Amino acid sequence: MPLHIDQAGQLAKAKTPLFDRRLGINLALSIVSSVVLLVCIKQTTTIHLPYLLGAALAISLGYLEPRKGWVLAIAQVFLIWTGYTLFTAPPDSPTDGELETFALYGTLILTFVGSFIGGMLKRVLDQG
């Protein structure tokens, strides 16, 4: 976090805006990863690939934005859930529906956890 000296001569933190160019670029990456995860959830026959891919993409989003990764995680969760409920066809069988639901909600949870882990990893690596 950048520091500056304020009018009273005290050392203070510089205010950085929440939405900046870097966050915008990373939001675009979040959109792409959401689409990839949504296709993976709809096409896979097991839960392993969506979980692995979801965790890896979430960790990378947290690594890209260690302080604002929660914004990317919320955006990705919103895009995946909205895309699944509004833009995908219903599953062919009840078994496929259960598999997709399990993969969907597991991936949403992993998005938050992975983003947190990626942000913590980036902060630790920057310190040492």
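Q: Which handedness does the crossing of H1 and H3 have?
A: This is a predicted model: local features need pLDDT of at least 70, side-chain atom pairs count only at pLDDT 80 or more, and totals for chains, interfaces and linings use all residues. Residues are numbered from 1 along each chain as its sequence is written, and side-chain values use heavy atoms, leaving out hydrogens and water. With the near helix turned clockwise from the far one by less than a right angle, the crossing of H1 and H3 is right-handed.

Q: At roughly what angle do the axes of H1 and H3 cross?
A: Helices here are DSSP runs (H or I, at least four residues; strands are E, at least two). The axes, lines fitted to C-alpha atoms with angles from 0 to 180 degrees, belong to H1 (residues 21-43) and H3 (residues 69-87). They come within 9 Å and cross at roughly 35°.

Q: Which helix gives the largest share of the nonpolar patch?
A: Ile59, Tyr63, Ile109, Val113, Phe116, Ile117, Met120, Leu121 and Leu125 make up this surface patch, with about 810 Å² of accessible area together. H2 (48-64) and H4 (94-127) each give two or more residues. The largest share, 7 residues, comes from H4.

Q: How many residues apart in sequence are the parts tied together by Asp20 and Lys68?
A: Their side chains meet in a salt bridge (Lys or Arg nitrogen within 4 Å of an Asp or Glu carboxyl oxygen) at 3.5 Å, N to O. Asp20 sits in the loop between strand S2 (11-13) and H1, and Lys68 in the loop between H2 and H3, so the sequence gap is 48 residues.

Technical notes
Patch = residues over 30% accessible without salt bridge, like charges linked within 9 Å, V, L, I, M, F, W, Y side chains within 5 Å. Areas by Shrake-Rupley, 256 points an atom, 1.4 Å probe, with all protein chains shown as cover.
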